[in-house]
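Biologist: Could you take me through the fold of this chain, a few points at a time?

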Amino acid sequence: MPQTLNLPWGRETIDLSLPESWQVIATMKPASLPGVPDLCIETERALQNPLGMARLCELARPGIKIALVIDDGSRPTPVGLILPAVLEELERGGASLDQITVMPALGLHHPMSDQKVAERLGCPSWTGIKVENPACDDPSTLADLGRTSRGSPVLVNRTVANADLVVSIGCIEPHIIASFGGGYKNIFPGVAGRAMIAHNHSLNCTPRTFNNVGQPIEQNPMRLDLEEAGDMLKPPVFIVNAVLNSALEVVRVVAGHPVQAHRAGVQVSAQIYGVKVPARPDIVITDSHPMDSDLRQGVKALANTIRAVRRGGLVITLVRAEEGVGVFGLANRKLPLGKGALRIAAPVLLPLVPKLKLNGLGEEDKFFLYFALQAMRHATLLMYAPTIPAAVQANLPFVDFIAGAQAAVDAARLRFPTAATVLVFPHGGSTYPILP
């Protein structure tokens, strides 16, 4: 009898029928930590018990300049629900709205309109509060704080560098480059200059560090480098970071020092999303849920889980991508080499990727290119992504796009006609494997 898998597919589900001869050795789901009953109360609890720093109300004073950095719309942080408690804490210290400049942590993403920022803050219109989009390519808006020990030029938005206090609201989730999001990452790369972002990302373009999702931060050069850059800032940085479960409910808020509080949040995130796999299988089937918004987010299902498959195995990735491609430069530029040539040339290309100068290819995209070349060398990659146009699919020769979800299983069966071991990641967009 065929085996049936029922997997999340946006607000629906999708069924796959697997051959009877395939053995599903495990279905890897995130831990089911419940969301907090009241996010305002949870935020107040964190603010009253900060880790590694004084309370925010003790850092705030009348007249000081406050930079409020929030992550942009590409992250699931419920900024508008966290913000009221943060503002109340600032007001307890004597600060007022006219002292605050709100800045979305764009990195290399597109600027946000004042209206979009206001919506993210949870209020359709704000009076007495300033909004500034960082500009990673405008030298006049950047302060130069020197270089890190790993050589990154510490270029950061002047409003942040010249503030008396920086408050950063974001979330902690598994991250392919930085191990986990959150902490100082809202500042670097969030409000950093392009040269800083480029060098910092390039640190993980190595065979050992190209896949760092969920890996120990102490072994992650990119994360340690951005934290060193954060320590070079003059104003104190106070973070308020949320940890969300797979239903995007907040299970914990941590507040305080951008390293000490961050590490406490990382422990909670790892408890939810790090799953112990019993063995490396022949096939991994991974689903983009809950990162279903676009292709850029959806490919995390592949990036998060490819470590789990044996070398020479096969990965089937199902990507919902409800809004299409998203901001994903690698998908918008045709590479000069096709799949076969890329596979042959990959060993030569990989060391050159950080130095490539390709129009339309940003610094984050260079890392994704490095990752994609390593991934296609590790396993055969099949992807079902029905909202992605054929022209865009042609720009991504690292994977074989398949016209249907069941057709992907049928294609995999040609590789494994008799027997195969299978691991399933229904929440591949956020779950990562802990290897035996």
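This is a predicted model: local features need pLDDT of at least 70, side-chain atom pairs count only at pLDDT 80 or more; totals for chains, interfaces and linings use all residues.

Modeller: Residues are numbered from 1 along each chain as its sequence is written, and side-chain values use heavy atoms, leaving out hydrogens and water.

Biologist: Which are the edge strands of the open sheet?

Modeller: The open sheet has 6 strands with mixed pairing, in the order E6-E5-E4-E9-E12-E13; strands are DSSP runs of E with at least two residues, helices are runs of H or I with at least four, and both are numbered from the N terminus. Two strands pair if DSSP finds at least two bridges between them. Those that pair on one side only are E6 (130–131) and E13 (250–256).

Biologist: What angle does the direction of helix H1 make with that of E13?

Modeller: Helix H1 (residues 39–48) packs on the sheet and touches E12 (237–244) and E13, where contact means heavy atoms within 4.5 Å. Axes are lines fitted to C-alpha atoms, for helices over the stretch in contact, and angles run from 0 to 180 degrees between N-to-C directions. For H1 and E13 the angle is about 30°.

Biologist: Is Ser 179 buried or exposed?

Modeller: Ser 179 lies in strand E11 and, although not a glycine, has a positive phi near 75°. Buried means under 20% relative accessible area, exposed over 50% and partly exposed in between, with a 1.4 Å probe and protein chains only. Because its relative accessible area is 0%, Ser 179 is buried.
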